[in-house]
Amino acid sequence: MSNIPETGRTRRLTIRLVVLQILVLSLLATLGGRLWYLQIRTGSQYAAKAQGNHIREVVEPAVRGEILDADGRVMVGNQTKLVVSVSRTSLLQQKDKGKAVLTRLADVLGMPAKDVQDKVRLCDAKTPKPCWNGSPYQPIPVTQQATTQQAMQIMERREDFPGVTAQPTAVRSYTGVEGASAAQVLGYLSPVTDEEVTKTADKTGRERRLPSDQIGRAGLESVYDDDLRGTTGVDKLEVDNLGKVIGSAGTVPAQPGNNLVTSIDARVQKTVEDQLQQAMTDARKVYDNETHKNYEADSGAAVVMDVHTGRIIAMASAPTFDPNLWVGGISAKDYAALNDKSSNYPLINRAIQGLSAPGSTFKVISTTAAVQAGYSLDGHYPCPPSMTIGGRVFKNFEGESFGDISLEKALEISCDTVFYGLAYDQWQKDGGIKPKNPADWFTKTAHEYGLGAKTGVDLPGEVAGRVPDRQWKQSFFDANKDSWCAQAAKGGHEYADEIARENCVDGNVMRAGDAVNFAIGQGDTLVTPLQMARIYSALSNGGTLYRPSIGKAIMSPDGKLVRDIAPHVDGKIPAQGKLLDYIDQATAGVVTSGTAAWKFVGAGWPQGKIELHAKTGTAEVAGKQTTSWLTTYSADYAVVMTISQGGTGSGGSGDSVRRIYQALYGVDDKGGVDNSKALLPKPQAQLPKFNPDGTAIIKQADYPGGQAYPTGAEFLDPTPATGTADPAPLDLLAVEPTRATGRSRA
């Protein structure tokens, strides 16, 4: 008989069916659990995500705040321009994806059709600029320079231009008020990067970056970007699965940015810019007997500082540029020109980034160091025509000799050999090339004056300069020993080869030549014009080192104070009391009978009415013409000017610095003083007053002919500029001086 059951199933088959049933039931249970989790446990979360999938955000950029000068004049504002924009959503709904519309638009605007098409395409990893980096649902600006006639053609023929609008829009404007540029101080804008958008994706309000945002990339636009840019508005649109707009999901209106009141006086800024350019132009007319050609005067900087607060009244850098080049997106051609060697890198702010040896303007620091080291203010020190130190001859300018003189006289006539002698004597006391617990008074004092460190000014990209002390010598030696020794091994006979041979052996040793060069502001010492303006401000105000600043206050769009930016004291210079009075008297002597007398008292400056103090400096740079330095101060201001390859200190900068003081105090060419013609006889201490609409109240008397100055306007629907640009690399600064040749001029 057969053992097969009547059902026809074997035991083995039955087991298999049971296993299969268990498996099916398990899968059903898993599926049910998952459905419960998705629909019940986390249903609300996914419902919210689904809701969000059909919401698209259209950005309404905020009106960016204005940058004002100390009296409320608009230095950077927003100008109404006719902006033509295209809705990409509307284009995609057309049969040809909007190609015909864009072609007709290009004809009206006088632009190549390809340029218009490129501007409305979306940016991605494979798409080169120009392209649109913002939301695809946001109107895309095609041009910000449309004429009224072009706008009327577009708006009157709407059937030919579906999705195209032309309307007045606020765009950034660098006004050049009073003719002042201040380009490196004000900065410029460019679009945010993808990385910046990603970093702020989860933030809200002003902290959030959107793809269509503009951001400050240099100057005050960068430092005060969070205050200026306001809060972007958002219009939420409901779209279907095809991306078609079907309704609105709410609107968050944009909030305008706050305004920045600065300490810059636009009229003084214009004067300083003009005088810096004039000094460079005049220097190019002077023949240099050493290089047998006229001075090149290839770049320069000037600073005017309020000595009582550290606030900057004017700051000029040459060569300069027009920040309006960035409005609407800088062209590749213009950007390349600004970063080309032939233009000498105008994006660099040489007041805070230009480095050079300070020359004899450093001698006020050396005087302080000598007194701290124990040398008497009442003593007399030899001023021979030259000194031989370490087998090398160090000369006075043109071999001048004055016998034994006081430190005051040494500052007045800028005798190098007095300071050579003091520095060499102190170097020997410190142990020479085998020091034993050296006091290092000269380098120590330079640090106490704030050199070798950033001043902390509210501008980006400031450099620290250099004090070549023993620590720096060692680190520099460690970094360069191999290259020095390799050059020395070649056996060349140039000056650089000689230096390489010396440095290969003991480049980390503070040699006698290093010490004496340092005492006259030469050698490896590097400073910025702002650092020197800060030091000479301290000499004027009784010895206080203020942190330089430009921002004075943040004001709301309706003219109310949001935040005051108070002056900040960083410390005291080591020159105090009798020593400070001594230096004060010596620097006044520079103006009356010293190295700057021919450009001041000799040119009619009324020293008895408005006392000025000065120190000239002519720094040598191997392979280049001399750098002109003139550092000055009055009871109210410090004015510093420097010109690369510009000749002597007083010869290159003297006339222009005097004219700046003439403008500030209302002094004519004959020495007469007329306060009614003075631009700023005292620094502006108070904040400007504002009308209820947020515009500044400026006296008509502030302007020639009594003409009132417009200070603001209302704008609609701001659209951000487009374009890309990055700041100039900071390693493209003024060429650093090499080791001095052992000569210096006053």
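Student: Against which elements do the buried residues of α6 pack?
Tutor: In helix α6 (residues 148-156), the buried residues are Gln150, Ala151 and Ile154, where buried means under 20% relative accessible area, exposed over 50%, and partly exposed in between (1.4 Å probe, protein chains only). Helices (H or I, at least four residues) and strands (E, at least two) are DSSP runs, numbered from the N terminus. By contact, that is, heavy atoms within 4.5 Å, the partners of these buried residues are β3 (74-86), α4 (99-109) and β5 (164-174).

Student: What kind of model is this, and from which number does the count of residues start?
Tutor: Side-chain values use heavy atoms, without hydrogens and water, and residues are numbered along each chain as its sequence is written, from 1. Local features need pLDDT of at least 70, side-chain atom pairs count only at pLDDT 80 or more, and totals for chains, interfaces and linings use all residues, since the model is predicted.

Student: Within what arc do the buried residues of α6 fall?
Tutor: The buried residues of α6 include Ala151 and Ile154. They line one face of the helix, because their directions, seen down the axis of α6 and taken from the axis to the C-beta atoms, fall within an arc of 100°.

Student: Against which elements do the buried residues of helix α5 pack?
Tutor: Helix α5 spans residues 113-120, and Val116, Asp118 and Val120 are buried in it. The elements they pack against are β3, α3 (88-92), α4 and β4 (140-143).

Student: Is the pair of phenylalanine 321 and tryptophan 326 stacked or edge-to-face?
Tutor: Rings of Phe, Tyr and Trp (its six-membered ring) pair if their centres lie within 6.5 Å; planes under 30 degrees apart count as stacked, over 60 as edge-to-face and the rest as tilted. The structure holds 13 such aromatic pairs. In this one the centres are 5.7 Å apart and the planes stand at 70°, so the pair is edge-to-face.

Student: Are phenylalanine 321 and tryptophan 326 buried or exposed?
Tutor: Phenylalanine 321 has a relative accessible area of 7%. For tryptophan 326 the value is 3%. Both phenylalanine 321 and tryptophan 326 count as buried.

Student: How is the aromatic pair of tyrosine 661 and tyrosine 665 arranged?
Tutor: Both residues belong to helix α23 (residues 649-665), where four places, about one helical turn, separate them. Tyrosine 661 is buried at 0% relative accessible area, and tyrosine 665 is buried at 6%. With 6.5 Å from centre to centre and 5° between the planes, the pair is stacked.

Student: Which residues form one aromatic cluster?
Tutor: Two tryptophans and two phenylalanines take part. The members of the cluster are Trp472, Phe476, Phe477 and Trp484.

Student: Which residues does aspartate 674 touch?
Tutor: Aspartate 674 lies in the loop between α23 and β26 (689-690). This aspartate is partly exposed, at a relative accessible area of 31%. Residues up to four places away in sequence are not counted, and those that aspartate 674 touches are then Tyr665 and Gly666.

Student: How far apart are the C-alpha atoms of aspartate 674 and glutamine 662?
Tutor: Along the chain, aspartate 674 and glutamine 662 are 12 residues apart. Their C-alpha atoms are separated by 10.0 Å.

Student: With which residues is threonine 544 in contact?
Tutor: Threonine 544 sits in strand β19 (residues 544-546). Its relative accessible area is 11%, so threonine 544 is buried. Apart from neighbours within four places in sequence, the residues in contact with threonine 544 are Ala538, Val569, Gly571 and Lys572.

Student: Is the peptide bond from alanine 318 to proline 319 cis or trans?
Tutor: Proline 319 is placed in the loop between β14 (312-318) and α12 (332-338). Omega of the bond from alanine 318 is near 0°, and the bond is cis.

Student: What is phi of histidine 292 near?
Tutor: Histidine 292 is in the loop between β11 (287-288) and β12 (293-294). This histidine is exposed, at 58% relative accessibility. Its phi is positive although the residue is not glycine, and is near 60°.

Student: What is phi of alanine 297, about?
Tutor: Alanine 297 lies in the loop between β12 and β13 (299-306). It is buried, with a relative accessible area of 0%. Alanine 297 is not a glycine, yet its phi is positive, at about 45°.

Student: What share of the residues of the chain counts as buried?
Tutor: The chain has 23 helices and 27 strands. Of its 746 residues, the share that counts as buried is 51%.
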